[in-house]
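Subject: Structure handover and notes

Hello,

Here is the structure I said I would pass on. My notes on it follow below.

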Amino acid sequence: MTVITISRQFGAGGEMLAEHVANELGYRLVDRNAIIDALQEMGLPPHLIQFDEQVAKGEDAEKRRRFYLTALHEYLIELAKKESFILVGRGGQFLFRNHPDAFHIFIHAPFKQRVQWIREINDLTRKPASKLVREHDRRKKRFLRQVFDHPWLDMDLYDLTLNTGTLMPEGAAILAVQAIKAFQDRQTVKTRSKQQSDNEGDTYSDIRFMHPSEEEFARFLDFYNISWEYEPRTFPLQWDSEGNVTEAFSPDFYLPDQNLYVELTTQRQKLVWKKNKKARRLQELYPGVKVKIIYNKDLHHILDSFGIDKPQ
């Protein structure tokens, strides 16, 4: 199934573009309204579904907010297993960063152009429109940095960037559809090539491993014919008073046959302590999830036994 994530600057017409692309491709459009409907079908009451916008205090409110955010992430991950869809916002470029059939689009426009469109849409003067655009930009930047610890405007995250100030949303949507179809054609060819060369080895060139040890561990798993997925899921661990995720954990590997997540750690003791803390927090919040941390010495022992050079 194909997952198209659309990240956009406020006022750049990303929602309009997403709707056009979804209609053209016949994909489900997953935006804020669609998520509200889905969570209602899951049985969440209205006071929980709105927790992504409300500012509430108190221990009980925090528990309900945590329940909402967990349901949201579960919904998106499960939907990706069933059908192709367009996801607007929600940190999709991070959540599906290593999904093999995900295509990431970033929609932007010059600040003055965005202010002008916001003025026209909301019947505002220039000053409040400018303030509104800046506030939304700051909020998005802070949210994505806190949750995923990565800059929002890192263009390496995206497969396609479109300037609606030059193209207008309608023209940008046409280019987006063409790019997505080209991506899908390429994925079909890659799938056939992989089936033909399963016994010829794999360079893992299409996976962006964060550390050499992760690629060597993947080779170890392949040698023993152990199915694996690389960073397939992000688990929210902490939330602030507004319901924004402030800490998350993305284990390096998931072994579906064993229903086990594996996190490698080859770094200094300070970071090992942090990973242990995250793993304990994950198991507290998600008791049905199994996670195993493989430490530096254990990893080297495995690789030595396998005859693989230790990663530098």
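Helices and strands here are DSSP runs, numbered from the N terminus: a helix is H or I over at least four residues, and a strand is E over at least two. By that assignment, Pro251 sits in the loop between β8 (245-249) and β9.

On where this comes from: residues are numbered from 1 along each chain as its sequence is written, and side-chain values use heavy atoms, with hydrogens and water left out. This is a predicted model, in which local features need pLDDT of at least 70 and side-chain atom pairs count only at pLDDT 80 or more, while totals for chains, interfaces and linings use all residues.

Core

Burial is used throughout: buried means under 20% relative accessible area, exposed over 50%, and partly exposed in between (1.4 Å probe, protein chains only). A nonpolar core is a set of buried Ala, Val, Leu, Ile, Met, Phe, Trp, Tyr and Cys residues joined through side-chain atoms within 4.5 Å. The largest such core has 24 residues, and those with the most contacts inside it are Ile4, Ile6, Leu17, Val21, Ile86, Ile105 and Leu162. Two or more residues each come from β1 (3-8), α1 (14-25), β3 (85-88), β4 (102-108), β5 (160-163) and α8 (164-196). Helix α8 gives the largest share, 6 residues.

Salt bridges

A salt bridge is counted when a side-chain nitrogen of Lys or Arg is within 4 Å of a carboxyl oxygen of Asp or Glu. As background, side chains of opposite charge can pair when their charged atoms come close. The structure holds 5 salt bridges, and three of them are described here.

- Arg28 pairs with Glu83, with the closest N and O atoms 3.0 Å apart. Arg28 is in strand β2 (residues 28-30) and Glu83 in the loop between α4 (59-82) and β3, so this bridge ties together parts that are 55 residues apart in sequence. Arg28 is partly exposed at 38% relative accessible area, and Glu83 is partly exposed at 24%.
- Glu215 and Arg219 meet at 2.8 Å, N to O. They are 4 residues apart in helix α9 (residues 212-223), which puts about one helical turn between them. Glu215 is partly exposed at 23%, as is Arg219 at 29%.
- Glu284 pairs with Arg281, the closest N and O atoms being 3.8 Å apart. Both lie in helix α10 (residues 269-285), 3 residues apart, or about one turn of the helix. Glu284 is exposed at 58%, whereas Arg281 counts as buried at 18%.

Surface charge

Lys127, Lys131, Arg134, Arg138, Arg139 and Arg142 form a positive surface patch. Patches are made of residues with over 30% relative accessible area and no salt bridge; like charges are joined within 9 Å, and nonpolar side chains (Val, Leu, Ile, Met, Phe, Trp, Tyr) within 5 Å. Lys and Arg count as positive and Asp and Glu as negative, with His and the chain ends not counted. The place of a charge is taken as NZ of Lys, CZ of Arg, CG of Asp or CD of Glu. Accessible areas come from the Shrake-Rupley method with a 1.4 Å probe, and for residues only the protein chains shown count as cover.

Backbone

Most residues other than glycine have a negative phi, and most peptide bonds are trans. Glu231 has a positive phi of about 40 degrees although it is not a glycine. Its place is the loop between β6 (229-230) and β7 (235-239), and Glu231 is buried at 12%. Asn259, also not a glycine, has a positive phi of about 50 degrees. Asn259 is in the loop between β9 (253-255) and β10 (260-264), partly exposed at 37%.

Contacts across the sequence

The distances below are C-alpha to C-alpha.

- Pro251, buried at 1%, is 9.1 Å from Lys292 in space and 41 residues from it in sequence.
- Leu95, in helix α5 (residues 92-95), is buried at 5%. Leu95 and Ile77 are 18 residues apart in sequence and 8.6 Å apart in space.
- Arg97, in the loop between α5 and β4, is partly exposed at 29%. Between Arg97 and Leu157 there are 7.6 Å in space and 60 residues in sequence.

Regards
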